[in-house]
Amino acid sequence: MKEQRCFTQKLPQHLKKLKKELKKLTYPTMFEQHVSDEQFLIDQIKSETGQKNRNNVTRTQAYLEFYQTFPEIHWALLGHMVSRNGAWNMTDLKGDLLSRVLSSQERKEGVFQVFRAKVIGLYFKMSFRKCYFIEKV
């Protein structure tokens, strides 16, 4: 009978406050905060990558700045060089192979330049997110 009374008695005010605080520290709340922190980092990475992926100049500069900060990440220098030279070296529309793939109308319209720009932009989007993640973590 005594044990039942213990569970049915009202908690003193100071224990009620403690109980409330303990409820705030439960696993779901901590988990939700962790997920929220991760989502914030993901949003930051997407935003920063988008800003630096405006054009070839901003992409090239982003790779170089990252490499200068983290010289041990050699592929960032490679990304910088590919980005810098990609536009220059990949625009030959009169080459033997490309003329077999694109019609003369497509070559005049610059289909290859659009394709090349999209590919370089997509590659940057994928690779620079890794750079930014390395920098933040």
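1. Asn85 has its place in helix α5, where helices (H or I, at least four residues) and strands (E, at least two) are DSSP runs numbered from the N terminus. Asn85 is partly exposed, with a relative accessible area of 33%; on this scale buried means under 20% relative accessible area, exposed means over 50%, and partly exposed lies in between (1.4 Å probe, protein chains only). From C-alpha to C-alpha, Asn85 and Asn56 are 9.8 Å apart in space, although 29 residues apart in sequence.

2. The model is predicted: local features need pLDDT of at least 70 and side-chain atom pairs count only at pLDDT 80 or more, whereas totals for chains, interfaces and linings use all residues. Residues are numbered from 1 along each chain as its sequence is written, and side-chain values use heavy atoms, with hydrogens and water left out.

3. The chain contains eight helices and zero strands, and its pattern along the sequence reads α-α-α-α-α-α-α-α. Of its 137 residues, 23% count as buried. Among contacts (heavy atoms within 4.5 Å) between residues at least 6 apart in sequence, 62% join residues at least 24 apart.

4. Ser83 also deserves attention. Ser83 lies in helix α5, which covers residues 74–89, and counts as buried because its relative accessibility is 4%. Leaving aside residues up to four places away in sequence, Ser83 touches Asn56, Arg59, Thr60 and Tyr63.

5. How do helices α4 and α8 pack, and at what angle? Helix α4 (residues 56–69) and helix α8 (residues 111–136) pack at an angle of about 30 degrees, with their axes 11 Å apart. That makes α4 roughly parallel to α8. Axes here are lines fitted to C-alpha atoms, for helices over the stretch in contact, and angles run from 0 to 180 degrees between N-to-C directions. Angles under 35 degrees count as roughly parallel, over 145 as roughly antiparallel, 65 to 115 as roughly perpendicular and the rest as oblique.

6. On the α4 side, Asn56, Arg59, Ala62, Tyr63 and Phe66 take part in the contact; they meet Ile120, Gly121, Tyr123, Phe124, Ser127, Phe128, Cys131, Ile134 and Glu135 in α8. The residues of this contact divide into nine nonpolar, three polar and two charged. In this grouping Ala, Val, Leu, Ile, Met, Phe, Trp, Tyr, Cys and Pro count as nonpolar, Asp, Glu, Lys and Arg as charged, and the others, Gly among them, as polar.

7. Helix α8 has 26 residues, which should span 38 Å at 1.5 Å a residue; its end C-alpha atoms are 37 Å apart, which agrees. The expected span is 1.5 Å times one less than the number of residues. Buried residues in α8 are Phe112, Arg116, Ile120, Gly121, Phe124, Ser127, Phe128, Cys131 and Tyr132. Ile120 has a relative accessible area of 14%, and its C-alpha atom is separated by 9.1 Å from that of Val82, 38 residues away along the chain.

8. Is helix α2 largely buried or in the open? Of its twelve residues, the number buried is zero, so α2 lies largely in the open. Helix α2 (residues 13–24) should span 16 Å, and its end C-alpha atoms are 17 Å apart, which agrees.
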